[in-house]
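My notes follow in the order I checked things.

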Amino acid sequence: QLQLVESGGGSVQPGGSLRLSCAASGFTLDTRAIVWFRQAPGKEREGVSCIGLSDEAPMYADSVKGRFTISRDNAENTAYLQMNSLKVEDTAVYYCTAQRPFTVCQLTPDSAAYWGKGTLVTVSS
């Protein structure tokens with residue numbers, strides 16, 4: 001079975017932090033870029049961050065730059081998204097994706113091969 005499973009979502013107050021995890025099974029992530037997307041009700045899907053192979057620099061959407069940090073642990077076949085200084089507008093379902101092998105990072109779904117089911121992040125007072 002080829003799966004991506006997100007975890008770590010929840011409800012936090014503005015200014016709080018969450019760490020999302022993306023665990024892969026049935027395939028390895030070490031040849032693939034990993035992209036986090038999010039989608040809020042009534043809004044279009046937005047690319048949040050991407051981490052590629054070892055020779056690529058991570059990418060971040062302007063809306064999260066300086067607040068979010070993407071990382072990966074190939075030994076654990078897992079990727080992470082550390083989210084700090086959360087804002088109400090960060091509320092969304094967050095999806096982890098794995099791109100096709102050896103494709104460079106991009107914050108669009110063109111090269112996405114696998115999608116997780118998402119984890120809900122709610123930021124409110």
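**Entry 1: disulfides**

I looked up C50 and C105 and found both buried (buried is under 20% relative accessible area, exposed over 50%, partly exposed in between, with a 1.4 Å probe and protein chains only). Before going on, I noted that this is a predicted model, where local features need pLDDT of at least 70, side-chain atom pairs count only at pLDDT 80 or more, and totals for chains, interfaces and linings use all residues. Residues are numbered from 1 along each chain as its sequence is written, and side-chain values use heavy atoms, with hydrogens and water left out.

How many disulfides does the structure hold? I count two, taking a disulfide as a pair of cysteine sulfur atoms within 2.5 Å.

C50 is joined to C105, S to S 2.2 Å. C50 sits in strand β5 and C105 in the loop between β9 and β10 (112-115), so the link spans distant parts of the chain, 55 residues apart. Strands here are DSSP runs of E, at least two residues, and helices are runs of H or I, at least four, numbered from the N terminus. The torsion about this S-S bond is -85 degrees, and the link is left-handed.

The other disulfide joins C22 to C96, S to S 1.9 Å. C22 lies in strand β3 (residues 18-25) and C96 in strand β9 (residues 92-99), so this pair ties together parts 74 residues apart in sequence. Its S-S torsion is about -75 degrees, so this disulfide is left-handed. C22 counts as buried because its relative accessibility is 0%. C96 is buried too, at 1%.

I then numbered the bonded cysteines in sequence order. The pairing reads 1-3, 2-4.

**Entry 2: strand β5 and its partners**

Next I followed C50 into its strand. Five of the six residues of β5 (residues 46-51) are buried, so the rest of the structure largely encloses this strand.

Which way do β4 and β5 run? Strand β4 (residues 34-39) is antiparallel to β5, with five bridges between them. Two strands count as paired if DSSP finds at least two bridges between them. W36 stands opposite S49 of β5. The β4-β5 hairpin has six residues between the strands, and G42 in this hairpin takes a positive phi near 80 degrees.

Strand β6 (residues 59-60) also runs antiparallel to β5, through two bridges. There S49 stands opposite Y60.

**Entry 3: the four-stranded sheet**

I traced an open sheet of four strands in the order β1-β3-β8-β7, with antiparallel pairing. β1 (3-7) and β7 stand at the edges with a single partner strand each, so one side of each has no neighbour in the sheet. The twist averages 15 degrees from one strand to the next (axes are lines fitted to C-alpha atoms, for helices over the stretch in contact, and angles run from 0 to 180 degrees between N-to-C directions).

Six bridges join β7 to strand β8 (residues 78-83), again antiparallel. I70 stands opposite L81 in β8.

**Entry 4: F68**

F68 is found in β7 (residues 68-73). Is F68 buried or exposed? It is buried, because its relative accessible area is 2%. I listed its contacts (heavy atoms within 4.5 Å), leaving aside neighbours within four places in sequence; among them are R38, V48, Y60, L81, D90 and Y94. V48 is 20 residues from F68 in sequence, and their C-alpha atoms are 8.8 Å apart.

**Entry 5: salt bridges**

Two of those contacts, R38 and D90, took me to the charged pairs. Side chains of opposite charge can pair when their charged atoms come close. My search of the whole structure gave four salt bridges (a side-chain nitrogen of Lys or Arg within 4 Å of a carboxyl oxygen of Asp or Glu).

D90 bridges R38, with the closest N and O atoms 2.9 Å apart. D90 is in the loop between β8 and β9 and R38 in strand β4, 52 residues apart. Both are buried.

D90 also meets R67, at 2.7 Å, N to O. R67 lies in the loop between β6 and β7, so this pair ties together parts 23 residues apart in sequence. D90 counts as buried because its relative accessibility is 0%; R67 is buried at 11%.

I noted a network of salt bridges linking R38, E46, R67 and D90.

K65 and D62 form a salt bridge at 3.3 Å, N to O. Both of these residues are exposed.
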